[in-house]
Amino acid sequence: MTIIPRVIPCLLLDGGRLVKTRRFTAPRYVGDPINTVKLFNDKEVDELAVLDIAATRENRGPDLGLIEQISSQCFMPLCVGGGIGEIRQAMDILGVGVEKVLLNTHACARPGLVGDLAARVGSSSVVVGIDTRPARGGWEVVVHNASRGTGRDAVAWAREVADRGAGEILLTAVHRDGTMEGYDLELIHAVASSVPVPVVACGGAGTTAHLAQAVQAGAAAVAAGSMFVFHGRHRAVLVNVPSRDRLIEAFRAGAPSAREAARHPRTICTRCVMDVSDPDIEFDAAGVCNHCRAYDTRRARLIWSPEERRRRLDDLLAAVRAAGRGRDYDCVIGLSGGVDSTYGAWVIRHELGLRPLAVHFDNGWDSETAVHNIEQTLSRLDIDLYTHVVDWEEFRDLQLSFLRASVINVEIPTDHGIIALLYEAAARHGIRYILTGQNEATESILPAAWVYHNKDLRHLRAVHRRFGSRPLRTMPQLSLLRYAWYTRVRRIRSIPFLNYVPYHKAQAKELLSRELGWKDYGGKHHESLFTAFYQAYLLPVKFGVDKRRAHLASLIVAGQLSRSDGLAELATPIAPPEEIAALVEFVRRKFGVSDEEFRTILDRPRVPHTAFPNNEALFRLLFRLRGLV
Amino acid sequence: MIAVVNYGVGNLGSVLNMLRRVGADACVTQDPDRIATADRLILPGVGAFDHAITRLRASGLIPHIESRVREHGVPLLGICLGMQLLTRGSEEGSQPGLGWIPADTVRFRFDGPTPPRLPHMGWGDVRVRRPDPLFAGLESDARFYFVHSYHVRCDVATHILAECDYGTTFTVAFGDGVVRGVQFHPERSHRFGMRLLANFAMPGA
């Protein structure tokens, strides 16, 4: 669960009817207030604002009977405004169960009203509405439904009402009202940075991205009208509110949560784009994160000059060829259909003329694109394939175990299976080299808190024992003992091959499309539908992690991407909401679990991997001894 | 019968509305006789601490409430400022509180360059610290609506039932014996508040 800014539908009453205006004019009937309020209540919105735009115009007070009816339908906070000019009226409204009253035109005429009311009912029940539009390099406060100017500057007036005791300001950009083109962000920033109280932005919202922008500009909460009552291009009247997941995603994409921001003065690295979504991140005085510094340290050791690389490649090729002499294959390669492994296959086969055996772990989640890419690569490069199809019922049971365990790395079953299979294939065919697509150029940064050792078979079995029910029969498994046998006795070596050749991701993609008819599948590792679900939904929503961040940070430190381009990409959604919803539904159906059960599994609180039996300490020791396991 | 104590301060309408929604038999009252026969008591409250405690004392209801709670073991729930009134006193004012729970009410203090805004106004994720019938079914997923600038601080850690984060971690629910208090507004917290008030009104139902 996450704290997200309040999102507040703002409804306008005109003679007992709900209307929606455009730039405060041309009211259009949108429905009956009681039923509409009930709909918003059922959708569990954070709060509701109901403003009577006719009261002041008709020179009358608020319609208490209607307000009471509205209030009885609200099981969320309610703010009521329009025509309130006396303490008594405000008290009556609060008396029927309304949380907050909003003063606007009358406060402008008699500013003392704000303080008097705050003294009686407390600041937190007093909201001042400020309607404003651009004027002389600033914004002028307007009243009487924007039909009259006041000569007051909006920022100065906001400061004054906050001083007088307003607990909150509803700031409406008249010139954006009903346009759905986005908030006036400059206005929000100018006012929010000048007052200590929460500012609710209103006027112009059309999308969830607009809401996130307002919050980034300084709004504590966001209000909108048209966005929640109109649907589609033709502005059909239909009450609609973005789901909590969509809002979380939108606000996440925009900025780290308020809670994180409050805890960490710095939230994002000044050099790459890693941020506090990695709980272990540390920044130095210049705001550079530990990942960047670690990269600099490793760089000398793992990222070689062109000459050094050439020399090492020649040595490696000589060794691989020597080991393959008299055998069918020189090396084993994994092939997922993704860019790293496909590019590896291209270089190994086409440029270096090695004879690889391709291994594919079919876990039942291959996308059509992945299958297409694998097929193209094999046939055009004339490579033999070794496939292992794991029994679906068994693998389903294993994957569901990890989901139920609520640990972050639910890809362990797949990753473990691939590694085990690579060694198994190498041993079976007497091959001594496994050339993998892992590389420092584009994968150097990955926070430890986002993953867990996928070689830890003890951990995999422990999670499965706890939450699974079917025995593991066809799932490839790699115990430490077996690993020692493969690497020590059979002397099989796994080489992060792409470190030995120049690797530029964008150029590689281009080459593969041209030469192999390779198709891009969108996000990194989206060649598997489960991985797509994991990276586009589970990681961001449940764990607050956007894995693109680590990929982009890696490209940035490697000089393959500019930081601003990285930030721009992070500001876009991982995938369109409809696509994510469809993906989640597909995954649920494929697992064959009910909606309710799936929801329960996904909503379970996060659990660290170390909560289950594991060989973490042993792995750490081996890592220190050998540099790499 | 649940008696929502009316001492002239607080959002009585919405509390009553929610109680009726969950099917509880409830009334808003300032009548000592009704308090004397109620089997549950709710002490609401919004606004300033001194104003509220002064009104409550002036109502003459405190001895009746205290007698029901202490002598008859009738459960009492303080909501928002009503919770704070159960403490010894508040930094917001100079008047002593009821002191029925060993706790003080203090203003939010934040360190860091960008302190969150006050009042804390909005929804917060609430974590249950100690299992309690009041939070049955709310252990893993509970969001509540908050409006406050002050929060309670308990002397006794085991009195803390639930916590929330807003710039800092603070106590949002406490309990000792039959006395409970919540800082948030269950009456305005959708199904989460509905569940909590139902738990209070009809435990085990």
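Is Arg191(B) buried, partly exposed or exposed? At 45% relative accessibility, Arg191(B) is classed as partly exposed. The legends below describe close-up views of a predicted model.

Figure 1. Glu44(A) and Arg191(B) form a salt bridge in which the closest N and O atoms are 2.6 Å apart. Glu44(A) lies in the loop between helix H1 (33–42) and strand E4 (48–52) of chain A, and Arg191(B) lies in helix H6 (residues 190–201) of chain B, so the pair joins two chains. Glu44(A) is partly exposed, its relative accessible area being 21%. Over all chains, the structure holds 44 salt bridges. Side chains of opposite charge can pair when their charged atoms come close.

**Figure 2. A network of salt bridges in chain A.** Asp14(A), Asp52(A), Arg57(A), Glu58(A) and Arg60(A) are linked through salt bridges into a network. Within this group, Arg60(A) forms a salt bridge with Glu58(A), and the closest N and O atoms are 2.8 Å apart.

Figure 3. The side chains of Asp314(A) and Arg310(A) meet in a salt bridge, with an N to O distance of 3.3 Å. Both residues belong to helix H13 (residues 306–324) of chain A, where they are 4 residues apart, about one turn of the helix. Asp314(A) is partly exposed, with a relative accessible area of 37%, and Arg310(A) is partly exposed at 48% relative accessibility.

**Figure 4. Cysteines of chain A that form no disulfide.** The count of disulfides over all chains is 0. Cys269(A) is in no disulfide; its nearest cysteine sulfur belongs to Cys289(A) and is 3.7 Å away. A disulfide requires two cysteine sulfur atoms within 2.5 Å. Cys292(A) is likewise in no disulfide, the nearest cysteine sulfur being that of Cys272(A), 3.6 Å away. Cys269(A) is buried at 0% relative accessibility, and Cys292(A) is buried with a relative accessible area of 0%.

**Figure 5. Nonpolar cores of chain A residues.** The largest nonpolar core has 80 residues, and those with the most contacts inside it are Phe40(A), Leu48(A), Ile70(A), Ile130(A), Tyr183(A) and Leu211(A). Helix H6 (residues 154–164) of chain A gives the most to this core, contributing 6 residues. A second, separate core has 77 residues, including Leu403(A), Val410(A), Ala420(A) and Phe612(A). In soluble globular proteins, nonpolar side chains tend to be buried together.

Figure 6. Helix H7 spans residues 185–192 of chain A, and its buried residues include Leu187(A), Ile188(A), Ala190(A), Val191(A) and Ala192(A). Among the elements covering the buried residues of H7(A) are strand E7 (126–135), strand E8 (138–143), H6, strand E10 (168–173), strand E11 (199–202) and helix H8 (208–216) of chain A. The N-terminal end of H7(A) is capped by Asp184(A), a side-chain oxygen of which lies 3.3 Å from the backbone nitrogen of Glu186(A).

**Figure 7. Paired strands in chain B.** Strand E6 (residues 120–125) of chain B is mostly covered, with 6 of its 6 residues buried. E6(B) pairs in the antiparallel sense with strand E8 (residues 143–148) of chain B, over 6 bridges. Within this pairing, Trp123(B) has Tyr145(B) in E8(B) as its bridge partner.

**Figure 8. The surroundings of His106(A).** His106(A) is found in helix H4 (residues 105–109) of chain A and is partly exposed, with a relative accessible area of 25%. Leaving aside residues up to four places away in sequence, His106(A) touches Thr56(A), Gly83(A), Ile84(A), Gly85(A) and Leu113(A). His106(A) and Gly85(A) are 21 residues apart along the chain, and their C-alpha atoms are separated by 5.3 Å.

**Figure 9. The surroundings of Gln376(A).** Gln376(A) lies in helix H15 (residues 368–381) of chain A. Gln376(A) is buried, its relative accessible area being 16%. Not counting residues up to four places away in sequence, Gln376(A) touches Leu381(A), Leu516(A) and Gly517(A).

Conventions. Residues numbered from 1 in each chain as written. Chains lettered and ligands numbered in written order. Predicted model: local features only at pLDDT ≥ 70, side-chain atom pairs only at ≥ 80, totals over all residues. Heavy atoms only, no water. Buried < 20%, exposed > 50% of the residue type's maximum accessible area, 1.4 Å probe, protein only. Pairing = 2+ DSSP bridges. Core = buried A, V, L, I, M, F, W, Y, C linked by side-chain atoms within 4.5 Å. Salt bridge = Lys/Arg side-chain N within 4 Å of Asp/Glu carboxyl O. Contact = heavy atoms within 4.5 Å. Polar contact = N/O pair within 3.5 Å; in protein donor to acceptor, adjacent residues only side chain to side chain.
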